[in-house]
Amino acid sequence: MQYFFKLSGESFGLALAELEALFEIFVIKHKLKKKTSKNIVIAEIPSKREGILELCKRSAFIQKVYLNKLKIWEALKGRFLEREPMKKPAFHPTMLKPKLARLLVNLSGAKEGETILDPFCGAGSILIEAAVLGTKVIGTDFDSEMIARAKKNLEFYKKLYKNNLNSPLVPYPRTKVRGFNGTHLERRIQGMEKALHPAPSRAGFSRFFHKNLKLKVADATQLEKVFKPNSVDAIATDLPYGRSSRASLKNLEVLYKNFLTSAHTTLKNKKYLVLMYPHYINTKKQISKKQWTLISEGELYVHGGLTRKLVVLKKV
């Protein structure tokens with residue numbers, strides 16, 4: 001079957017990398033036929049439609065999906081709203097927006113029930129998105145205050161989502177579409193507008209919370225002192241950005257290099273590490289080709305003084 005994926009224009013490269021990662025997470029065989037204009041990717045996929053819908057629900061950068069030119073899914077506006085930084089009880093200005101945190105989790109390849117580590121967890125933005133998806137989350141930070149914030153935020157969302165089952169995904173009615181973009185969709189079925197915007201899904205947040213959540217004060221350059229070798233399924237993190245002086249930037253480069261060495265020891269073989277870092281630090285030169293294979297990379301413009309760069313690495 002032929003599927004058309006309309007991806008986010010924020011970064012087409014990262015959106016495509018996320019799509020590939022989601023295919024791997026859900027074990028969906030596929031063949032990308034071609035990339036068209038307007039951030040659209042065409043894929044031949046033999047899987048049932050239900051599997052594709054589950055993939056879409058987890059995504060951060062997929063906007064719309066068509067099956068043979070019939071729209072079957074569209075990202076709900078505001079689906080991350082209740083987890084925006086200002087909505088969290090232990091707010092911190094460095095917190096990531098949930099959509100970006102979700103992207104990092106997806107790029108890491110972490111599946112439901114697997115363990116994901118954020119070694120610079122801060123107030124827990126990445127951990128929260130990972131927990132929403134049913135992964136076993138581990139967070140470390142050198143700052144005990146940040147660990148306290150992360151714990152408070154995770155507890156808040158655990159209580160918010162407690163006893164909330166997944167909302168059923170409402171499929172799109174089968175209606176005719178004139179042209180690919182669906183702008184002339186014939187809405188002949190009463191109530192179709194509601195069906196086009198299904199209720200937000202609240203995954204089983206607390207499924208692994210009590211038994212498997214771990215938050216620790218720890219040095220990210222010495223993870224081997226906290227975790228057994230080859231014990232973590234995925235790592236996703238937003239590296240520190242300090243930029244007050246040349247000396248501090250030099251110290252950050254050393255920090256990044258030592259962290260990469262430690263992460264290599266902790267991560268399982270052939271698993272993924274996702275790094276986000278500021279444009280003004282040449283992190284790629286710290287990556288050892290003997291330890292890591294570069295899978296994908298991209299960048300996201302924030303403002304005139306900051307562009308975030310992302311790399312996905314696979315442990316050799």
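User: Where does K270 lie?
Analyst: K270 lies in strand 10, residues 267–278 (strands are DSSP runs of E, at least two residues, and helices are runs of H or I, at least four, numbered from the N terminus). This is a predicted model, where local features need pLDDT of at least 70, side-chain atom pairs count only at pLDDT 80 or more, and totals for chains, interfaces and linings use all residues. Residues are numbered from 1 along each chain as its sequence is written, and side-chain values use heavy atoms, with hydrogens and water left out.

User: What's the phi of K270?
Analyst: Positive, about 65°, although K270 is not a glycine. Most residues other than glycine have a negative phi.

User: And is K270 buried or exposed?
Analyst: Exposed, with a relative accessible area of 63% (exposed is over 50%, buried under 20%, partly exposed in between, using a 1.4 Å probe and protein chains only).

User: OK, salt bridges. How many does a search of the whole structure find?
Analyst: Eleven, counting a side-chain nitrogen of Lys or Arg within 4 Å of a carboxyl oxygen of Asp or Glu.

User: Which residue forms a salt bridge with K271?
Analyst: E114, with the closest N and O atoms 3.7 Å apart. E114 sits in the loop between helix 3 and strand 6 (115–118) and K271 in strand 10, so the pair ties together parts 157 residues apart in sequence.

User: Is E114 buried or exposed?
Analyst: E114 counts as buried, at 17% relative accessibility, while K271 is partly exposed at 24%.
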